[in-house]
Amino acid sequence: MATIEISAFRDCTSLTSISIPSSVTSIGVGAFAGCTSLSNIVVNKNNPVYDSRDNCNAIIETASDKLIIGCKNTYIPNTVTTIAHHAFVYISGQTSIVIPNSVSTIEGMAFYAYDGLTSVTIPASVTNIGAGAFFQCYDIKDIYALRVSPADYNAVKNSFYEVDLSACTLHVPAGCEAFYRACAPWSLFGNIVDDIPTGVQAPSMVNGQWSMTYDLLGRRAVQPARGIYVQKDGRKLIR
């Protein structure tokens with residue numbers, strides 16, 4: 001066998017495991033869509049086109065590092081750069097997905113109708129979120145967006161199509177709430193909170209005076225203006 005056609009095993013709800021032989025060099029979109037019991041995916045190590053690196057329970061296009069087929073037990077390796085169209089369509093199994101910071105593109109319909117998914121973390125590495133990427137993910141309640149500038153996600157307005165954003169909480173980096181409120185589709189979220197730490201804190205005062213605050217050239221800042229400083233207060237280094 002060299003080819004698995006589009007939707008070849010669609011809605012085979014009793015299928016629990018698949019093993020892709022070395023002979024398969026073409027897999028159609030949605031080949032295993034709706035295989036709700038699928039929990040184990042292995043690609044033969046001699047396959048020249050696909051792999052299932054790091055025991056990830058997924059099919060990855062080796063040359064492009066694109067994850068094309070996932071299942072209920074998929075772990076997304078931190079070498080994947082793209083989550084493909086229909087990679088996680090009509091499946092369930094995980095309530096929370098943390099996308100690794102190697103991923104730059106989440107293609108349209110990537111997580112289409114992922115049942116039971118309540119939380120997604122989108123790293124700052126992502127620069128493109130396609131149309132309907134989370135279409136009909138009705139159970140989503142929390143999105144963690146790690147980019148300081150939401151415009152850099154290049155998310156289209158219907159990336160979260162048919163998700164009740166008014167009932168969702170969008171978590172963003174500290175100090176970035178206003179940026180997200182001014183940028184669609186993020187502005188459509190009912191609740192936006194800037195509760196993701198950035199590692200940068202405001203300099204503090206001790207007895208009404210700035211305590212050992214220095215600029216980045218090592219010069220003592222008696223009354224620091226707006227900017228980045230290093231402050232040593234006892235054993236704690238604050239940036």
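**Exercise 1. Find what share of the contacts with a separation of 6 or more comes from residues 24 or more positions apart in the protein chain.**

Step 1: a contact means heavy atoms within 4.5 Å. Step 2: among contacts with a separation of 6 or more, residues 24 or more positions apart account for 38%.

Before going on, note that this is a predicted model, where local features need pLDDT of at least 70, side-chain atom pairs count only at pLDDT 80 or more, and totals for chains, interfaces and linings use all residues. Residues are numbered from 1 along each chain as its sequence is written, and side-chain values use heavy atoms, leaving out hydrogens and water.

**Exercise 2. Count the helices and strands of the protein chain.**

Step 1: take DSSP runs, with helices being H or I of at least four residues and strands E of at least two, numbered from the N terminus. Step 2: the count is 1 helix and 20 strands.

**Exercise 3. Locate the cis peptide bond.**

Step 1: look at the bond from A184 to P185, where omega is near 5°. For background, most peptide bonds are trans, and most residues other than glycine have a negative phi.

**Exercise 4. Describe Y90 and E162, each with a positive phi.**

Step 1: Y90 has phi of about 55° and sits in the loop between β8 (82–83) and β9 (96–98). Step 2: E162 has phi near 70°, in the loop between β13 (142–145) and β14 (169–173). Step 3: with buried under 20% relative accessible area, exposed over 50% and partly exposed in between (1.4 Å probe, protein chains only), Y90 at 31% is partly exposed, and E162 at 35% is partly exposed.
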